[in-house]
Amino acid sequence: MKALESQFKSVYEVNYPKVLRLCLGYTNGDLIRSKDLTQEVFIKVWQNLKSFRNQSSISTWIYRITVNTCLIELRKKRTVKLTSSVINVEESNDNFSEEKEEKLKQLYKCIGCLKTESQSIILLELEGLPQKEIADIMGLSHEVIRVRIHRIKNELTKCVKK
């Protein structure tokens with residue numbers, strides 16, 4: 001049991017910020033909902049860690065759990081409202097200007113207008129995951145992901161410029 005606890009602690013520490021940022025994308029920056037979703041994700045990780053089969057990297061597995069958890073939440077809530085302010089996850093960054101905050105608000109708003117699958121893809125891309133890993137998480141081919149990311153970026157660029 002100690003080995004499992006130690007493994008979970010390590011997985012949690014490495015992946016918590018990434019999972020939280022991904023959840024923030026799905027909730028349009030709502031920190032409270034994002035923390036709740038992140039907690040749900042890690043409860044599922046803990047419950048299923050013993051059965052993880054190493055068919056993919058553990059981070060890919062955790063991202064898949066995160067995407068599924070967030071999508072289930074979105075289906076329950078159907079309407080997602082943009083919070084009045086986007087809270088800076090990296091609280092130590094004091095250079096977070098109002099201009100950057102406005103750009104983030106606009107980006108979250110535009111991401112929130114995308115179809116659910118497109119939201120998942122672009123949030124994983126923004127998280128810095130390799131496109132091949134995004135393809136594995138989404139269950140699509142690498143080529144399809146490349147094309148969709150290109151289209152989503154064009155759509156977001158148009159949205160943010162408006």
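These are friendly notes on the predicted model above, point by point.

1. **Ground rules.** This is a predicted model, in which local features need pLDDT of at least 70 and side-chain atom pairs count only at pLDDT 80 or more, while totals for chains, interfaces and linings use all residues. Residues are numbered from 1 along each chain as its sequence is written, and side-chain values use heavy atoms, with hydrogens and water left out.

2. **Overall make-up.** The chain has seven helices and zero strands, and its elements run α-α-α-α-α-α-α from the N terminus on. Here helices (H or I, at least four residues) and strands (E, at least two) are DSSP runs, numbered from the N terminus. Of the 162 residues in the chain, 40% are buried. Buried means under 20% relative accessible area, exposed means over 50%, and partly exposed is in between, with a 1.4 Å probe and protein chains only. Among contacts (heavy atoms within 4.5 Å) with a separation of 6 or more, 61% involve residues 24 or more positions apart.

3. **The disulfide.** You will find one disulfide in the structure, where the term stands for a pair of cysteine sulfur atoms within 2.5 Å. Cys110 and Cys159 are its partners, with an S to S distance of 2.0 Å. The pair links distant parts of the chain, with Cys110 in helix α4 (residues 98-113) and Cys159 in helix α7 (residues 142-161), 49 residues apart. The torsion about the S-S bond is about -85 degrees, so this disulfide is left-handed. Cys110 is buried, at a relative accessible area of 2%, whereas Cys159 is partly exposed, at 23%.

4. **Other cysteines.** Cys23 is in no disulfide, and the nearest cysteine sulfur, that of Cys70, is 3.6 Å away. Cys23 is buried, with a relative accessible area of 0%. The sulfur of Cys113 has its closest cysteine sulfur in Cys159, at 5.5 Å, which is too far for a bond. Cys113 counts as exposed, at 61% relative accessibility.

5. **α6 against α7.** Helix α6 (residues 131-138) packs on α7 at an angle of about 105 degrees, and their axes are 8 Å apart. Axes are lines fitted to C-alpha atoms, for helices over the stretch in contact, and angles run from 0 to 180 degrees between N-to-C directions. The two helices α6 and α7 are therefore roughly perpendicular to each other; angles under 35 degrees count as roughly parallel, over 145 as roughly antiparallel, 65 to 115 as roughly perpendicular and the rest as oblique. From α6, the residues Gln131, Lys132, Ile134, Ala135 and Met138 meet His142, Ile145, Arg146 and Ile149 of α7. This contact divides into five nonpolar, two polar and two charged residues. Ala, Val, Leu, Ile, Met, Phe, Trp, Tyr, Cys and Pro count as nonpolar, Asp, Glu, Lys and Arg as charged, and the others, Gly among them, as polar.

6. **More on α6.** The buried residues of α6 are Glu133, Ile134, Ala135, Ile137 and Met138. Just after this helix α6, Gly139 has a positive phi of about 75 degrees.

7. **α5 against α7.** The axes of α5 and α7 cross at roughly 95 degrees and come within 10 Å, and these helices are therefore roughly perpendicular to each other. On the α5 side, Glu117, Ser118, Ile121, Ile122 and Glu125 meet Ile145, Arg148, Ile149, Ile152, Lys153 and Leu156 in α7. The residues of the contact of α5 with α7 divide into six nonpolar, one polar and four charged.

8. **Glu127.** Have a look at Glu127, in the loop between α5 (116-126) and α6. Glu127 is buried, with a relative accessible area of 17%. Leaving aside neighbours within four places in sequence, Glu127 is in contact with Lys18, Arg21, Leu22 and Tyr63.

9. **Aromatic rings.** Rings of Phe, Tyr and Trp (its six-membered ring) pair if their centres lie within 6.5 Å; planes under 30 degrees apart count as stacked, over 60 as edge-to-face and the rest as tilted. By this rule there are seven aromatic pairs. In one of them, the rings of Phe8 and Trp46 have centres 5.2 Å apart and planes at 75 degrees, so the pair is edge-to-face. Phe8 in helix α1 (residues 2-26) and Trp46 in helix α2 (residues 31-48) are 38 residues apart, and the pair links distant parts of the chain. Phe8 is buried, at 17% relative accessible area, while Trp46 is partly exposed, at 32%. One aromatic cluster is formed by Phe8, Tyr12, Tyr16, Phe42 and Trp46.
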